[in-house]
Amino acid sequence: MRPLCLDEYEQQARAKLPAGVFDYVYGGSDDESSLRDARKAFDAWWLRPNVLVDVSRCDTSVSLLGTMLAHPLVVAPMAYQCLAHLEGEVATARAAGALGGLMTVSTMASRTLEDVARAATGPLWFQVYCFRDRAVTTALIRRAEAAGYRALVLTVDTPRLGRRMRDMRSGFGLPAHVRAANFDADVSQALATRAPGESGIAAHASRDFDTALTWEAVAWVRSVSRLPVLLKGVLTAEDAERAVAAGVDGLVVSNHGGRQLDGALPPLEALPEVVAAVRGRCEVLVDGGIRRGTDVLKALALGAKAVLVGRPVYWGLAAGGEEGVGHLLSLLREELELALALSGRPTLSALDGSVLRRRAAFG
Ligand code: FNR
């Protein structure tokens, strides 16, 4: 039967994907406590609906860095989507665009950024990892600009890769048909390397990612490109303050889906302090654990302009390629619209803290 919600897509993907691939996508770092807590954080809030509001028309549209979108569901950057479906990122981009949404394409995509741009029917952002060799990063940024990407999302929570024990146990490496398509063959070779007790992905990250990255990198990215820059992976007011001072156009409050620092606070919990520190000076987005329309509603009520959706998109891709991602995103958008109607807030701008009540059990 066709899934009725995002978790049912996860079940289908679990049945369909090889165990090692499912674990690579599903997993978090160490004890996976951040992975679990990201979901629990949504349960810390009850909803306070208002009744007898005209909700005959509910509007989910939003403007993000000047781009009008039909809804606030942004596809999160995720590596190697050809693991889930032969078309990979190309299928995801088509599905996101068809629904009037935005996709963020990973540096570590398994289709070239140009291929994805050619297939896309909607706006794209490009996610940037900074490499030890800045010339590699500059070349990627130039290609993204030439291909029409509208913003750069600099991921700042990955100076080293978190310890993902599922991948170490399975000795996870990329199968022959999946490669880091934006790079030369030698990078893909490193990623495919399997050693007992070691993850090929981790081996590549420790070889190539810049572990010496500091705030200087933000100024550097801004100096090499005129595209708007968002920082992804900020969780505190003090870093948000520094980011605004560095002139960023947006922040993604994120702990990388619980795949980096285990024990890092849930993004939803970090969101209010970041929003307060930013004081409207740049856009604030959030990701981690969004699985229901009411999750989106809570995130927006706490001050996010939009949310990024990660793993569920992978599950949609595994279950049904472009059609699966399209259906999954439309399920989430419809859930959000229904949540707006049933809470008596027919537009996104009508969402604020008045729709939320903190559960006492969570302090
Ligand atoms: C990711 N994420 C990620 N982030 C990033 O900045 N660059 C990347 O290449 C990747 N790759 C990636 C692969 C896979 C398989 C996953 C699951 C995640 C993190 C991603 O963008 C996002 O922050 C989280 O996935 C959001 O949490 P949910 O929606 O998966 O709970």
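How do the residues of the shell around the ligand divide into nonpolar, polar and charged? Hi everyone, let's start there. The shell splits into eleven nonpolar, nine polar and three charged residues. Here Ala, Val, Leu, Ile, Met, Phe, Trp, Tyr, Cys and Pro count as nonpolar, Asp, Glu, Lys and Arg as charged, and the others, Gly among them, as polar.

Before we go on, two notes. This is a predicted model, where local features need pLDDT of at least 70, side-chain atom pairs count only at pLDDT 80 or more, and totals for chains, interfaces and linings use all residues. Residues are numbered from 1 along each chain as its sequence is written.

Back to the ligand. Of the 23 residues around the ligand, the nearest are Ala76, Ser106, Gly257, Gly310 and Arg311; a residue is near a molecule if its C-beta atom, placed from the backbone, lies within 6 Å of it. Two or more shell residues come from each of β11 (306-309) and α14 (311-343). Those labels are DSSP runs, numbered from the N terminus: helices are H or I with at least four residues, strands are E with at least two.

Now, His256. An unreviewed UniProt entry places the feature "active site" there; UniProt positions follow the numbering used here, feature names are shortened, and annotations may be inferred rather than shown by experiment. You'll find His256 in the loop between β9 (250-253) and α12 (267-278). Is His256 buried or exposed? It is buried, because 24 other C-beta atoms lie within 10 Å. The cut-offs, with C-beta atoms placed from the backbone, are 20 or more others within 10 Å for buried, 12 or fewer for exposed, and partly exposed in between. Not counting residues up to four places away in sequence, His256 touches Asp157, Thr158 and Gly233, where contact means C-beta atoms, placed from the backbone, within 7 Å.

Last stop: strand β6 (124-128). Five of its five residues are buried. Leu124, Phe126 and Val128 point one way from β6, while Trp125 and Gln127 point the other way. On one pairing, β5 (residues 102-105) runs parallel to β6 with three bridges, and Val105 has Phe126 as its bridge partner. Strand β7 (residues 152-155) also pairs with β6 in the parallel sense over three bridges, with Gln127 partnered by Val153. Strands pair if DSSP finds at least two bridges between them.

Arg132 is partly exposed, because it has 13 C-beta neighbours inside 10 Å.

Technical notes: Contact = placed C-beta atoms within 7 Å.
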